[in-house]
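Student: Could you walk me through this structure? I would like to learn how to read its features one at a time.

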Amino acid sequence: MPVSPLAPASFPELPVIEGVRFATAMAGVKYKNRTDVMLAELAEGSTVAGVFTRSATRSANVLDCQAKNGKSQAGRAAIIVNSGNSNAFTGRNGVEAVNSLCASVAEQTGIATDRIFTSSTGVIGEPLPYDRITAKISELQSNLSAETLPEAAKAIMTTDTFPKGSAATIDVDGKQVKISGIAKGSGMIAPDMATMLVYIFTDAQIGHEALQGILSKLTDKTFNCITVDSDTSTSDTLLIGATGASGVDVTGNADFEDALHKVMLDLSHQVIRDGEGATKFVEIQVTGAANDADAKRVGLSVANSPLVKTAIAGQDANWGRIVAAVGKSGAEADRDRLSIRFGDITVAENGWRAPNYSEDEAAAYMKNEELVIGVDLGIGSGASTVWTCDLTYEYIRINADYRS
């Protein structure tokens, strides 16, 4: 599969996070000769927090992680992930798969099962051949290394065309605190939370309650503000592990929160840049709403509109489709106060086509790979920004052939 035209030039250099090690293996969950399992081991006393899909049909893995999140933070922790099969809608087999994976990791590593988190991504409704994964646990445990996070990013990919990573480093009282993260996601991307797997690691020292609070808040500003196709997955999981190895307590530290926000926003944008069949990266800025919630509602309505997304794919400056998307959003709106712009080009204002509107100028702007659509409702001070991509023939091809 060709790499997305919106992909970053290269995979970033991720700093080693002391206190966490990684390993990958080829288990043949779905494909032969493809790395499809990753194991992460976190040091004694690491804090683990997470956010998960709100799908009513979420997988056994997600339910197990949710049950464990916030429990004991004592001892080492582990995360094991497979691609190729989501272990979702698999009934008793799904629960058995999670229990067997946790038991096998516990046996090989000595880590308590309530500190072992599992994720699976791929086809829904097919029993997970978990014995292929458990057969690789010993190999994974033997190959653990602090240097192999980039390989882990590749092991969790499904229809992704490139591995996704991001990092940040800050200074706190003369000491460095590092953050490294990886993600997978390309299709079935929509809140809550955006459809993907995300794993972030830091050597910061912070308790569970504080870390969970930051993570939940930042997820709403990042992963819950992106959409490729309006479909929410059964398997979305974001886990963050803080090893404390730096010895720096970042509780209440604004710089740490800002750095984590940048990493999460970067990863969420990379998911959009790898949207199945995507050729355009689109930022939708909504202002003038009655409140922030209404602004986000409008932004997602525009971002999820097939008519808007196909117009963007065709480089058609059809702003009437944006008007329609605003109107159907359910947010408070007034036709005669609505204004729309493409980049710096005002195409409609105060309920009318802009007096100086130029179709040629707007059409030329739509040829850019990166687009900004501005929507001002003219009602209040509510604002929100969401990100999406276009909807192309290639998206249809990928998803029509997904199980073939």
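Tutor: Gladly, and let us begin at the end of a helix. Asn291 caps the N-terminal end of H8, with a side-chain oxygen 3.2 Å from the backbone nitrogen of Ala293. Such a polar contact is a pair of N or O atoms within 3.5 Å; within protein, one must be able to donate a hydrogen and the other to accept it, and residues adjacent in sequence count only if both atoms are side-chain atoms. Please keep in mind that this is a predicted model, where local features need pLDDT of at least 70 and side-chain atom pairs count only at pLDDT 80 or more, while totals for chains, interfaces and linings use all residues. Residues are numbered from 1 along each chain as its sequence is written, and side-chain values use heavy atoms, with hydrogens and water left out.

Student: How is a helix such as H8 defined, and how many residues has it?

Tutor: Helices (H or I, at least four residues) and strands (E, at least two) are DSSP runs, numbered from the N terminus. H8 covers residues 292–304, which makes 13 residues. From first C-alpha to last it reaches 18 Å, close to the 18 Å expected at 1.5 Å a residue; that expected span is 1.5 Å times one less than the number of residues.

Student: Which residues of H8 are buried?

Tutor: Buried means under 20% relative accessible area, exposed over 50%, and partly exposed in between (1.4 Å probe, protein chains only). In H8 the buried residues are Asp294, Ala295, Lys296, Val298, Gly299, Leu300, Ser301, Val302 and Ala303. They pack against several elements, including helix H6 (208–221), helix H9 (306–313) and strand S14 (370–376). Contact here means heavy atoms within 4.5 Å.

Student: What is a nonpolar core?

Tutor: In soluble globular proteins, nonpolar side chains tend to be buried together. A nonpolar core is a set of buried Ala, Val, Leu, Ile, Met, Phe, Trp, Tyr and Cys residues joined through side-chain atoms within 4.5 Å. The largest one here has 73 residues, and among the members that touch the most others are Ile200, Phe256 and Phe342. Helix H7 (residues 254–273) supplies the largest share of this core, 8 residues. Apart from it lies another core of 25 residues, including Ile17, Met38, Cys65 and Tyr199.

Student: Which residues does Phe342 contact?

Tutor: Leaving aside neighbours within four places in sequence, the contacts of Phe342 include Ala317, Trp319, Ile322, Val347 and Tyr365.

Student: How do I read a sheet?

Tutor: Look for strands that pair, meaning that DSSP finds at least two bridges between them. Five strands form an open sheet in the order S3-S9-S8-S7-S6, with mixed pairing. Its edge strands are S3 (47–52) and S6 (164–172), each pairing on one side only. S8 (residues 197–202) and S9 (residues 237–242) pair in the parallel sense over 6 bridges, whereas S3 and S9 are antiparallel, also over 6 bridges.

Student: Why is S3 described as largely enclosed?

Tutor: In a regular strand the side chains alternate between the two faces of the sheet. In S3, 6 of the 6 residues are buried, so S3 is largely enclosed by the rest of the structure. Thr47, Ala49 and Val51 are on one side, with Val48, Gly50 and Phe52 on the other. Gln212, in helix H6, touches Ala49, Gly50 and Val51 among its contacts beyond four places in sequence. Gln212 is itself buried, with a relative accessible area of 15%.

Student: What is the strand order in the open sheet of 4 strands?

Tutor: The order is S1-S2-S4-S5, again with mixed pairing. S1 (20–25) and S5 stand at the edges with a single partner strand each, so one side of each is left without a neighbour in the sheet. S4 and S5 pair in the parallel sense over 8 bridges, and Ile80 has Thr118 in S5 as its bridge partner.

Student: Is Asn87 buried or exposed? And Asn350, buried or partly exposed?

Tutor: Asn87 is buried, at 1% relative accessible area, whereas Asn350 is partly exposed, at 47%. Phi of Asn87 is near 50 degrees, a positive value in a residue other than glycine, and phi of Asn350 is likewise near 50 degrees. Asn87 sits in the loop between strand S4 (77–85) and helix H2 (91–109), while Asn350 lies in the loop between S12 (345–349) and S13 (352–353).
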